[in-house]
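Here is a friendly walk through one model, told through its helices, strands and charged pairs. Please keep the structure open beside the text as you read.

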Amino acid sequence: MNSDFRLPPSATLSLLCSLLLTSGCSKEQQETAPTLAEIPLAVQVAPVSSHTFRRTVTVQGTLESVRSAIVSARVDGPLTTVDVDLGDVVEAGKTRLFQVDSVSLSNRVVISREAVATAKAQVAVREAQLAEAEAVAKKAATDADRYERLHTEGRVSDNEYENAMLQRETAAAQLAVAKASLDLARQQVSQNEASLAIDERSLSDATLYAPISGIVNERSHEPGEQISNGTAVIAINGTKELKALAFLPAQYYAEVIPGKTMVTLSVNGKPLPPVPIAAKSPAIDTTLRTFEIKALLKGSDVAVPGAMADFRIILEERSGIGVPDDAVLKRAAGTVVFTTEAKDGSAKLVPVNTGLKSDGYTEILSGLSADASVIVKGQTQLYDGRVVKIQPANDETSGK
């Protein structure tokens, strides 16, 4: 085969003509094809809607018992029993916590009771002696009066008169002694009764009951240990009422108003009912530049003493209209949204003034009416006048 094969001039001319014709057709097709701006962009829209907007600050804090108690021994001695353990639920005045050996205390009560009985018997004796002394004194006084009259009449001797006077004075002295002895006996009864009350109280204090209802969160000693008066044995946390404590930056101090500012607590991701802040520190910590807040709430299976909690403090709250956060864009014109209100089916860029953000919505202060709709998908590819095609919210091709 000849490798120097060439087309005849007439064939070459025909091929060139064909190429020129083909090129001409492509240019004509390109001139009639739509531009990118003329192709509708699939978008999704959402209506402007009413919402409650909140400005909040979130911090972490802890839950503590409003009431707690550390139960200590009130008498010296070895622990006989410890009746509760860590985590046990106790009831005020009913649940026995622990007992100190009470044998010696019981013996002291018996002895004190016998001493009271003896002292009361002495009182009875002194009362009888007083009655006798009163009778003798009365007889001596009567005799002395008679002898005094007879002596005045000269019917008795001076010696008889003087003896009668002496007997009256002696009987009066014995009466005074009898009264004093009775008073002393009665005082002894009072002293013995006071000692008995102390011993009975000590015996009672040997057995300790829960002073508040709650949960045992500490057990410090075991049976057999020697303890002294004042030694802590059991700690109890109340569970009915809790206080939630947290610290906020100083900049929010003036905005937190006790009794009015609300806080929503969340423990382990589980929200609790909103409660008002009950109190705040009277001053700001000058080192940390923070202040403490306190809220009160009821205990539950979630809200227990010692738990960590997320605090969402509501500093400001108001109602208004808003749009989904995704609809709000930053452009050269400022903060804008796109609507589809144009009659030609194009997107319209609308500058807006925004306010608070809450729960995925941005508050619109001005720029939109309450019955408007905004583009929420495909909006990042838009410009003012771009042709759009609204797709249903469940259309997965929207925005592409």
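Alanine 135 sits in helix H2, which covers residues 103–153. The model is a predicted one, in which local features need pLDDT of at least 70, side-chain atom pairs count only at pLDDT 80 or more, and totals for chains, interfaces and linings use all residues. Residues are numbered from 1 along each chain as its sequence is written, and side-chain values use heavy atoms, with hydrogens and water left out.

With a relative accessibility of 47%, alanine 135 is partly exposed; the scale calls a residue buried under 20% relative accessible area, exposed over 50%, and partly exposed in between, using a 1.4 Å probe and protein chains only. Leucine 175 is 40 residues away from alanine 135 in sequence, and their C-alpha atoms are 9.0 Å apart in space. H2 itself has 51 residues and spans 75 Å from its first C-alpha to its last, close to the 75 Å expected at 1.5 Å a residue. That expected span is 1.5 Å times one less than the number of residues in the helix. An α-helix has 3.6 residues a turn, so residues three or four places apart point the same way. Just after H2 comes glycine 154, with a positive phi of about 80°.

**Strands and sheets**

E3 and strand E10 (residues 232–237) run antiparallel and are joined by 5 bridges. Alanine 69 has isoleucine 236 in E10 as its bridge partner.

Another open sheet has 3 strands, with mixed pairing and the order E22-E1-E23. Its edges are strand E22 (373–377) and strand E23 (388–390); each has a single partner strand, so one side of each is left without a neighbour in the sheet. From one strand to the next, the twist averages 55°, where axes are lines fitted to C-alpha atoms, for helices over the stretch in contact, and angles run from 0 to 180 degrees between N-to-C directions. Strand E1 (residues 41–47) runs antiparallel to E22, with 4 bridges joining them. Here glutamine 44 stands opposite lysine 377 of E22.

Strand E6 is worth a look too. It is mostly covered, with 4 of its 5 residues buried. E4 is joined to E6 by 3 bridges, and these strands run antiparallel; leucine 79 has valine 100 in E6 as its bridge partner. E6 is also joined by 3 bridges to strand E7 (residues 207–209), again antiparallel, and phenylalanine 98 has leucine 208 in E7 as its bridge partner.

**Salt bridges**

How many salt bridges does the structure hold? There are 18, each defined by a side-chain nitrogen of Lys or Arg within 4 Å of a carboxyl oxygen of Asp or Glu. Among them are the pairs below.

| Pair | Closest N to O |
|---|---|
| Glutamate 255 and arginine 55 | 2.2 Å |
| Arginine 318 and glutamate 363 | 2.8 Å |

Glutamate 255 forms its salt bridge with arginine 55. Glutamate 255 is in the loop between strand E11 (241–249) and strand E12 (262–267), and arginine 55 is in strand E2 (residues 49–65), so the pair ties together parts 200 residues apart in sequence. Glutamate 255 is partly exposed at 27%, and arginine 55 is partly exposed at 28%.

Arginine 96 is partly exposed at 30%, as is aspartate 83 at 34%.

Arginine 318 forms a salt bridge with glutamate 363. This pair links distant parts of the chain, with arginine 318 in strand E16 (residues 308–324) and glutamate 363 in strand E21 (residues 361–366), 45 residues apart. Salt bridges link Arg55, Glu255, Glu316, Arg318 and Glu363 in a network.

Note on methods
Two strands pair if DSSP finds at least two bridges between them. Helices (H or I, at least four residues) and strands (E, at least two) are DSSP runs, numbered from the N terminus.
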